[in-house]
Amino acid sequence: MLQKFKLSDESFVNLKKNLTKFTQPTNDKLAGNIAKEYLIPDCIPIIAPSILLQITKNEVFKKYIEKSSFMHSSEPKNIYIHDLWVNFQGKHEFNPIHEHSGLLSFIVFVSIPYFAAQQKEISPGKHSNADRAGMLDFILPNSLQSTCETFKVDKTWEQYGLVFPSNTMHCVYPFYGFDEYRITLAGNIRFDN
């Protein structure tokens with residue numbers, strides 16, 4: 001259950017303007033093998049309307065939220081973005097297989113310095129049958145075995161994001177050959193009390 005979405009133009013422009021307002025490193029709370037990871041709570045009001053609207057309009061997530069809500073309470077609950085952080089991923093850095101907390105989580109792709117074809121050309125694994133340079137994998141369980149859904153996230157994904165159940169295991173592979181940061185936001189969505 002993965003859903004691609006696009007931030008509104010207004011939200012994306014405001015977000016990029018405000019990405020310099022971080023002071024609180026959060027590496028000790030995150031799985032990333034990434035030197036620059038920061039909490040950015042001031043950006044939640046900028047992106048929350050756009051993301052929450054798209055989630056509540058999606059029938060699959062609507063049913064998931066309703067089912068989860070009634071498992072915790074006899075009354076329907078509202079959702080909100082509980083936390084938000086930014087990753088400035090440098091070349092050779094990565095996010096190992098991990099999951100998030102909460103009900104749903106999301107990733108927003110702010111700036112990706114490469115195209116997938118460029119990574120394919122310079123990857124040390126370019127002759128491998130499982131080259132993943134610069135890609136994002138989600139590990140999806142089914143009844144017999146897990147499957148992997150791979151996203152070739154590159155410059156064409158800027159302003160887009162993915163929403164997924166928070167317990168979905170995923171990882172981000174290192175990229176090569178570019179000195180600019182791969183900038184992404186990530187956050188967790190929870191029920192309010």
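**A buried aspartate, salt bridges and the sheet**

Asp131 is buried, with a relative accessible area of 12%; buried here means under 20%, exposed over 50%, and partly exposed anything in between (1.4 Å probe, protein chains only). This is a predicted model, so local features need pLDDT of at least 70 and side-chain atom pairs count only at pLDDT 80 or more, while totals for chains, interfaces and linings use all residues. Residues are numbered from 1 along each chain as its sequence is written, and side-chain values use heavy atoms, with hydrogens and water left out.

The side chain of Asp131 meets that of Lys120 in a salt bridge at 3.9 Å, N to O; the term covers a side-chain nitrogen of Lys or Arg within 4 Å of a carboxyl oxygen of Asp or Glu. Asp131 sits in the loop between helix H4 (116–122) and strand S7 (136–141), and Lys120 in helix H4, so the pair ties together parts eleven residues apart in sequence. Lys120 is partly exposed, at 42%. Helices (H or I, at least four residues) and strands (E, at least two) are DSSP runs, numbered from the N terminus.

The count of salt bridges comes to six. Among them is Asp179 with Lys91, at 2.8 Å, N to O. That pair links distant parts of the chain, 88 residues apart: Asp179 is in the loop between strand S10 (169–172) and S11, and Lys91 in the loop between S4 and strand S5 (95–98). Asp179 counts as exposed at 63% relative accessibility, and Lys91 as partly exposed at 33%.

Then there is the sheet. Seven strands make an open, antiparallel sheet in the order S1-S9-S6-S11-S4-S3-S2; two strands pair if DSSP finds at least two bridges between them. Its edge strands, S1 (3–6) and S2 (24–25), each pair on one side only. Further in, S4 is joined to S11 by ten bridges and to strand S3 (residues 36–39) by four. S4 is mostly covered, with nine of its eleven residues buried.

Asp83 lies in S4, opposite Asn188 in S11. What does the side chain of Asp83 do with that of Asn188? The two make a polar contact at 3.2 Å, that is, a pair of N or O atoms within 3.5 Å, where within protein one must be able to donate a hydrogen and the other to accept it, and residues adjacent in sequence count only if both atoms are side-chain atoms. Asp83 is buried yet has no salt bridge, and the nearest side chain of opposite charge, Arg190, is 5.1 Å away; Lys and Arg count as positive and Asp and Glu as negative, with His and the chain ends not counted.
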